[in-house]
Amino acid sequence: MTSSASATLSIEGSAADLPSLTPHSNVHAPTDYSRLRVVPARYPWRTAGTVFAILVIGVVLHSVLTNERWGWSVFAQYFFDEAVLAGLARTLLLTALGAALGFSLGTLLALARVSRSPLLSGLSFGYVWLFRSIPPIVLLLLINNLGYLYETITLGVPLTGWTWFSYPTTQLLGPFAAAVIGLTLNQSAYSAEIIRGGILSVDQGQQEAAAALGLSRRRQALRIVLPQAMRSILPNGFNAIIGLAKGTSVVYILALPELFYTIQIIYRRNLEVIPLLMVATVWYLVILTVLTLVQQQIERHYARGALRNQPDSFFKRLKRDRLAAPSAKAPVEVAAQASNETKTDAPGWAAGRVRGGEVSVHGVSKSYGAVRVLDQVSLTVPAGAVTVILGPSGSGKSTLLRSINHLERVDQGFITVDGELIGYRQQGDTLYELPESEVLHRRADVGMVFQNFNLFPHLTVLENLIEAPVTVRGLPRAEAVQLARELLTRVGLENKADAYPRQLSGGQQQRVAIARALALKPKVLLFDEPTSALDPELVGEVLDVIKELARSGTTLVIVTHEIGFAREVADTVVFMEQGRILEIGRPDQIFSAPSHARTAAFLDKVL
């Protein structure tokens with residue numbers, strides 16, 4: 001035994017390295033564990049709980065299936081009865097119309113509620129307050145008796161006598177029409193609040209990022225805000241739809257034979273109450289099950305980008321399994337293709353770039369209430385220059401940056417890029433504020449990279465980059481995709497085109513944000529503390545991209561606390577405090593011999 005052990009151990013070291021072995025040593029030869037039987041750990045309480053659950057299910061099933069008073073034969077007779085199916089069809093139709101019309105109207109009400117128009121917002125609030133207060137059964141009766149109040153329904157121009165359409169109310173509003181209108185009005189009031197809650201759940205930075213890219217308000221709502229809001233809207237929205245499906249039973253008050261009213265008519269004739277109530281119950285369970293399955297698939301669709309690893313749906317797994325029988329060469333071919341794509345040399349930063357623009361800030365002031373954030377700020381950033389803005393927190397750096405692309409409207413003064421005002425039109429000695437659509441168009445020339453990235457989480461990296469070039473610049477999609485892939489190669493992320501932002505590190509997300517801003521080929525690029533949200537290990541990779549960009553001739557305005565970076569890349573350093581510019585100069589001048597005492601005191605603390 002000793003010789004065997006020594007022989008085995010000598011493989012791993014010399015005899016000098018091994019402890020001496022005695023006949024009573026505890027060192028044994030390795031054991032072949034594959035021959036041993038594995039006994040899993042036992043959980044008696046878990047087993048007891050499982051047995052208890054089986055007993056409860058068995059007792060319930062036995063009671064229901066063996067009790068003749070449940071009347072399962074009667075249940076089977078009427079489950080597919082023609083009258084029951086007709087009532088079911090009417091229930092489904094009322095549910096579909098009520099949900100579709102209710103949520104369509106609710107979406108408009110929600111958008112009106114969050115609009116900047118006080119009158120429109122107040123009107124939406126009043127509608128929601130009124131129709132959430134009225135019980136559905138009362139609302140249905142009021143609409144059904146509308147002919148008592150208004151004999152005719154007329155469409156025309158008020159107060160002119162011009163009439164395009166007129167019809168007797170009682171003939172136009174039958175029981176079915178009254179039910180649809182009543183359910184729609186009630187459902188829209190609740191869905192408006194559900195949708196508004198979803199809109200409010202979307203981070204404000206998403207709207208600012210979309211606005212900074214020049215996307216129209218309509219595009220912002222449909223492409224950016226609502227898809228993200230859907231994650232909050234869907235659970236409550238489907239609860240409302242399921243409640244509507246069951247709540248259609250209130251239309252019995254109009255003698256409209258939907259599912260429950262039809263069941264009532266039948267059991268009043270044959271007195272088989274329990275079996276027929278079970279018919280209604282099972283059909284409602286079927287409706288609920290179908291709606292739940294639909295909800296799961298829709299939620300999965302809108303959850304794109306919400307998880308690092310989104311699980312495949314049932315249908316996607318089936319499709320994947322059906323197609324998962326490739327030849328042995330397929331992976332090699334794909335890998336070779338990817339390798340060839342990676343080897344493609346991307347053009348330099350300057351290729352295809354727009355000439356940098358000059359930024360002029362003239363006597364700009366901005367206040368939030370009684371707090372003056374910017375105080376008569378004047379600054380000129382030459383075309384192609386790199387300007388770094390330093391200062392303590394609250395000094396107005398970020399507000400000045402956001403004012404350059406008109407994300408913040410200034411109270412006094414104005415800002416130009418290449419002599420063109422971003423938010424105003426000059427006519428003589430008068431400045432006229434431009435409508436939002438024109439501001440968005442001009443804003444596309446001033447790209448912005450945000451402190452917290454503000455990538456659109458529901459879009460892939462590639463979709464983030466092509467959204468603005470296609471919708472704002474009108475670039476063909478194929479050309480936008482090619483440009484996006486070139487930019488991703490330049491920032492070292494060519495293999496992340498199909499990833500979602502949540503699947504990237506902080507440094508990778510910020511590099512994507514830089515590429516997204518560059519995709520519009522702006523004249524000026526603004527950076528709002530681009531490394532402050534990153535771990536120290538990730539700061540370098542973002543700064544390297546900005547350094548490379550600084551050598552391309554693009555006009556850069558950077559707010560940062562990275563003093564070493566500012567010293568290396570800046571042409572001009574600006575120091576701000578309390579909304580005022582205290583000092584402007586070259587990096588060697590500012591960092592070596594600042595002329596203002598406050599600048600010197602600040603640098604003493606951060607250097």
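Here is the tour, starting with the whole chain and moving on to single sites.

This is a predicted model, in which local features need pLDDT of at least 70, side-chain atom pairs count only at pLDDT 80 or more, and totals for chains, interfaces and linings use all residues. Residues are numbered from 1 along each chain as its sequence is written, and side-chain values use heavy atoms, with hydrogens and water left out.

**The whole protein**

Show the cartoon: the protein has 24 helices and 14 strands. Helices (H or I, at least four residues) and strands (E, at least two) are DSSP runs, numbered from the N terminus. Of the 607 residues, 42% are buried, meaning under 20% relative accessible area with a 1.4 Å probe and protein chains only; exposed is over 50% and partly exposed lies in between. Contact means heavy atoms within 4.5 Å. Among contacts between residues at least 6 apart in sequence, 70% join residues at least 24 apart.

**The aromatic cluster**

Next, select Trp70, Trp72, Phe75, Phe79, Phe80 and Trp283, which ring pairs link into a cluster. Rings of Phe, Tyr and Trp (its six-membered ring) pair if their centres lie within 6.5 Å; planes under 30 degrees apart count as stacked, over 60 as edge-to-face and the rest as tilted. The count by this rule is eight aromatic pairs. One of them joins Phe79 to Phe80 edge-to-face, at 4.9 Å centre to centre and 90° between the planes. Phe79 is buried at 12% relative accessible area, whereas Phe80 is exposed at 58%. Phe79 also pairs with Trp283, this time stacked, with 4.4 Å centre to centre and 0° between the planes. Because Phe79 lies in helix H3 (residues 72–79) and Trp283 in helix H13 (residues 273–302), this pair ties together parts that are 204 residues apart in sequence. Both Phe79 and Trp283 are buried.

**A charge over a ring**

Now pick Arg516 and Phe456: the charged end of Arg516 sits over the ring of Phe456, 4.7 Å from its centre. The rule asks for NZ of Lys or CZ of Arg within 6 Å of the ring centre and within 35 degrees of the ring normal.

**Thr184 in H9**

Which residues does Thr184 contact, leaving aside its neighbours within four places in sequence? Select Leu97, Gly98, Leu101 and Gly102 to see them. Thr184 itself is found in helix H9 (residues 175–201) and is buried, at 10% relative accessibility.

**A hairpin**

Move to strands S8 (residues 424–427) and S9 (residues 430–433), which pair in the antiparallel sense over four bridges; pairing needs at least two DSSP bridges. Tyr424 stands opposite Glu433 in S9. The two strands form a hairpin with two residues between them, and Gly428 in the turn has a positive phi of about 70°.

**The largest pocket**

For the last stop, centre on Arg116, Gln204, Gln207, Arg217 and Gln220, which lie nearest the centre of the largest pocket among its 21 lining residues. On a 1 Å grid over the protein atoms alone, a pocket is an open set of points with protein on both sides within 12 Å along at least five of seven lines, and lining residues have an atom within 4 Å of a point. Helix H11 (217–247) is among the helices that each supply at least two residues of this lining, and H11 gives the largest share, five residues.

Methods:
1 Å grid on protein atoms, 1.4 Å probe; cavity = no way out; pocket = protein on both sides within 12 Å on 5 of 7 lines; lining within 4 Å.
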